[in-house]
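User: Could you take me through this model, one part at a time?

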Amino acid sequence: KREKKSAGSNSKQEPLQDGKRVTFVLEFPSMENMASCLARVSAFLEDPKHHGEVSKPSQVSQLVSSRYAGHNFSLKSFKQALSAIGDLTKEEAKVKQAIFAAVRRGGGGSEAYYIIAHVRKDAKTLQHEKWHATYHFDDEYRSRVAGVWGMVKKGSPAWAEQFEEHLSDKYAAHVWVDEFQAIVLNREYECATKIVNLLQSILPKKEPFETVAVSL
């Protein structure tokens with residue numbers, strides 16, 4: 001039903017064609033290293049208590065985003081977070097430089113790019129993050145996921161409430177529907193088979209983006 005490319009399957013970046021969408025894949029040697037580079041960005045974008053706020057580098061180990069197995073955000077959101085953060089650490093600046101260099105090579109506007117990150121050899125998290133990229137780029141899929149979530153909340157309110165509670169200490173509420181589809185499709189939370197099957201049935205036949213590995 002869907003393409004399964006490795007993170008490095010398109011390591012040579014070509015200039016962006018009109019209408020093409022690209023997901024940059026960042027691979028890190030460890031969660032600690034990944035957190036040092038991206039935790040403050042993700043905290044600004046989706047921390048359940050502190051989204052919209054800038055955390056200090058000394059706070060990284062206390063952020064829930066430092067324990068994320070992967071990270072995901074649009075290039076536009078990445079730029080907004082960097083602008084708010086201002087002074088970047090050496091690790092954060094390295095990621096910024098790598099992403100911006102990849103954008104210059106590809107050309108096109110910010111709306112053409114999405115960014116995901118995972119720890120090396122963690123294929124399950126990589127797939128989870130690619131579900132987020134699909135949700136971001138495919139308007140029809142995103143709308144249909146919202147419909148499925150509405151149906152779940154109406155038909156299985158106890159499960160929906162339990163699931164929201166599961167998310168509440170990890171993510172801000174504005175990303176819960178996105179997390180719903182990625183978590184359920186990736187079999188990361190116990191869920192009725194019919195819900196999994198329904199989400200699978202509305203997936204686009206092909207990923208609506210190309211993956212480009214970005215070296216750090």
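Predicted model: local features only at pLDDT ≥ 70, side-chain atom pairs only at ≥ 80, totals over all residues.

User: Which residues of helix α2 are buried?
Analyst: In α2 (residues 75–85), the buried residues are Leu75, Phe78, Ala81, Leu82 and Ile85. Seen down the axis of α2, they fall within an arc of 120°, so they line one face of the helix. The arc is that of the directions from the helix axis to the C-beta atoms. Buried means under 20% relative accessible area, exposed over 50%, and partly exposed in between (1.4 Å probe, protein chains only). Helices (H or I, at least four residues) and strands (E, at least two) are DSSP runs, numbered from the N terminus.

User: And which exposed residues sit on the face turned away?
Analyst: Lys76 and Ser83 are the exposed residues there.

User: What does the buried side of α2 pack against?
Analyst: Its buried residues pack against α1 (31–46), β2 (70–74), α3 (90–106) and β3 (113–119); contact means heavy atoms within 4.5 Å.

User: Now the sheet: what is the strand order?
Analyst: The open sheet of four strands has the order β2-β3-β1-β4, with mixed pairing. Two strands pair if DSSP finds at least two bridges between them. The edge strands, β2 and β4 (210–214), each pair on one side only.

User: How many bridges join β1 to β4?
Analyst: Five bridges join β1 (residues 22–28) to β4, and these strands run parallel. Thr23 has Thr211 as its bridge partner in β4.

Conventions: Residues numbered from 1 in each chain as written. Heavy atoms only, no water.
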